[in-house]
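Here is a short report on one chain.

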Amino acid sequence: SLLLALSLLSPWGSAEGSCPQRCVCASNLLSCSQANLSAVPAPLPRFTAVLDLSHNNVTRLRADWAPARLPHLHALLLSHNGLAFVSTEAFTHVPRLRHLDLSSNRLRTLDENLFSDLGELEVLLLYNNEISTVDRTAFENLGRLRKLYLGQNRIARFPLELLREGTRLPQLALLDLSANRLRAVPAGELQALPAWLRDRLYLHNNPLTCDCLLFQLLDRGRRRHLSAVEDFQDELRCFPPGATTHVKILDLAGKQPLNCSKAQEAVLEAHLGDSVTLGCDSRWQGVRSRHWVTPGGERVLGDGGNGSVVLLANGSLQLRALRPEDAGTYSCWVAGPLLNETLYVELLVHNFTLHGPHDTLNTAYTTLVGCILSVVLVLIYLYLTPCRCCCCRGTEKPPAPRDDSINSSVLSTTPNHAGGPGEPCGSHIASGAGTGQNGRFKGGGTPPLPARPGPKAQRKVSDPDSVSSVFSDTPIVV
């Protein structure tokens with residue numbers, strides 16, 4: 001009688017809760033693994049929470065595999081079945097599914113809206129299939145998906161829509177794309193992803209093409225001790241341009257033909273008066289607390305500096321109206337769920353305004369331009385003045401006598417002594433009448449002044465037509 005009472009109380013004791021043949025039932029667990037099944041056994045108990053159908057011969061999963069709703073089913077295991085077809089309505093009656101294992105099968109495509117009925121799915125295993133095509137809507141409505149395994153397939157295009165802006169899979173924390181056919185990945189966009197996602201972004205064992213951006217992406221991951229890089233350094237390989245053998249990506253630093261430079265720590269450049277935001281890119285997703293320390297050693301927990309330093313809700317530090325003293329290395333201290341982490345961001349503040357009220361040129365550049373213009377003007381005055389030779393000058397008026405004064409320029413090319421033989425024009429007369437051709441004074445002559453009473457001796461008069469007069473009477477404006 002006791003055994004009969006227990007059988008009536010057990011869920012497997014009722015007619016609709018009987019355990020299917022060749023399956024093992026324990027509480028709400030139903031294991032039919034390695035039972036040589038070609039179809040899902042029916043009927044399935046309504047209270048089944050875990051259904052293991054792995055290592056069988058279920059090649060097609062139609063919509064009628066679960067004719068009745070299974071509201072408690074949260075784990076479905078279908079690995080190693082040779083599964084080649086999954087209906088888009090196959091998961092209509094299992095909306096509470098959180099773990100789905102379709103690995104090690106023969107799936108080739110992921111059709112549109114294939115998993116759209118699984119709004120509570122958290123883990124999806126699709127590795128070791130033959131998948132080459134992924135529809136852009138295959139993972140639609142998977143707002144709670146945290147882990148997606150697509151390794152060991154034939155994917156040749158990186159499904160960036162799974163990550164961009166976090167709209168398609170907002171809670172995704174692990175994406176395995178290892179051992180596929182990826183030849184290129186958008187390294188720049190991947191670098192912009194949060195570190196907690198890059199920590200679980202697996203790209204090893206792909207025929208990637210060597211690229212310095214790819215090297216720096218992985219080199220930063222190694223410096224940050226990201227698991228996807230640190231645990232698979234030997235498997236992260238690429239093919240140099242024109243080569244048929246692969247090399248380790250992390251060994252590209254300073255080597256030909258790419259000669260990639262080492263990745264630097266986070267460096268941010270700004271100008272006076274700008275506003276910048278320093279990100280605290282931690283590799284921990286469940287951060288309990290964080291705070292910043294300025295280059296001066298001041299701890300920032302909230303607003304400070306009359307609102308010039310603001311700690312944002314996402315943990316970033318915003319600096320407003322930058323000053324030269326704001327430059328330096330800022331530290332972000334993160335208390336993660338497992339370990340603590342410290343991040344460093346170096347801020348460089350250039351000592352001039354990039355976009356001020358009036359855009360001005362650099363002082364050194366302005367000085368250089370001014371010097372060049374001065375030299376050009378001097379050359380123009382020296383070599384482009386009209387010829388004053390006796391053979392090419394016309395009728396001239398006698399120069400008015402004027403006192404030799406400070407107005408005479410030291411740049412004058414007319415000396416005050418008699419010219420030597422062979423000069424093309426009538427030169428200078430040291431004394432006398434100083435008359436030249438047609439009774440006029442020569443171009444370089446200096447007529448004597450009449451004697452003046454007084455202790456001062458006779459003084460000469462500068463030639464108004466000489467180059468010195470041009471330089472002395474005409475100011476040069478640069």
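## A disulfide across the sequence

Cys280 and Cys332 form a disulfide, with their sulfur atoms 1.9 Å apart. The model is a predicted one. About the S-S bond the angle is -90°, and the link of Cys280 and Cys332 is left-handed. Cys280 sits in the loop between strand 18 (276-278) and strand 19 (289-293). Cys332 belongs to strand 23 (residues 328-335). The pair therefore ties together parts that are 52 residues apart in sequence. Cys280 and Cys332 are both buried.

## Other disulfides

The count of disulfides comes to five. A disulfide is a covalent bond between the sulfur atoms of two cysteines. With the bonded cysteines of the chain numbered in sequence order, the pairing reads 1-3, 2-4, 5-7, 6-8, 9-10.

Cys19 is joined to Cys25 by a disulfide, S to S 1.8 Å. The torsion about the S-S bond of Cys19 and Cys25 is about 85°, so this disulfide is right-handed. Cys19 has a relative accessible area of 32% and is partly exposed. Another disulfide links Cys23 and Cys32, with the sulfur atoms 2.0 Å apart. Here the torsion about the S-S bond is about 105°, so the disulfide of Cys23 and Cys32 is right-handed. Cys23 is buried, and Cys32 is buried too. As for Cys371, this residue is partly exposed, with a relative accessible area of 45%.

Strands of a sheet pair through backbone hydrogen bonds, either parallel or antiparallel. Strand 9 (residues 123-125) pairs with strand 11 (residues 147-149) in the parallel sense, over three bridges. Leu124 has Leu148 in strand 11 as its bridge partner.

## Nonpolar cores

The largest nonpolar core has 70 residues. Those with the most contacts inside this core are Trp65, Phe91, Phe115, Leu126, Phe139 and Leu148. Helix 2 (187-191) and helix 4 (212-223) each supply at least two residues of this core. Helix 4 gives the most, with four residues.

What surrounds Leu126, leaving aside neighbours within four places in sequence? Leu126 is in contact with Leu102, Ser103, Leu107, Leu110, Phe115 and Ile131, among others. Its contacts also include Phe139, Leu148, Tyr149, Leu150, Gly151 and Asn153.

## A buried asparagine

Is Asn56 buried or exposed? Its relative accessible area is 5%, under the 20% cut-off, so Asn56 is buried. Asn56 lies in the loop between strand 3 (50-52) and strand 4 (60-61).

The side chain of Asn56 reaches two backbone nitrogens. That of Asn36 is at 2.9 Å. The backbone nitrogen of Ala35 lies 3.0 Å from a polar atom of the Asn56 side chain. Leaving aside neighbours within four places in sequence, Asn56 is in contact with Cys32, Ser33, Gln34, Ala35, Asn36, Leu37, His80 and Asn81. One of these, Cys32, is the disulfide partner of Cys23.

Technical notes:
Residues are numbered from 1 along each chain as its sequence is written. This is a predicted model: local features need pLDDT of at least 70, side-chain atom pairs count only at pLDDT 80 or more; totals for chains, interfaces and linings use all residues. Side-chain values use heavy atoms; hydrogens and water are left out. Buried means under 20% relative accessible area, exposed over 50%, partly exposed in between (1.4 Å probe, protein chains only). A polar contact is a pair of N or O atoms within 3.5 Å; within protein, one must be able to donate a hydrogen and the other to accept it, and residues adjacent in sequence count only if both atoms are side-chain atoms. Contact means heavy atoms within 4.5 Å. Two strands pair if DSSP finds at least two bridges between them. A nonpolar core is a set of buried Ala, Val, Leu, Ile, Met, Phe, Trp, Tyr and Cys residues joined through side-chain atoms within 4.5 Å. A disulfide is a pair of cysteine sulfur atoms within 2.5 Å.
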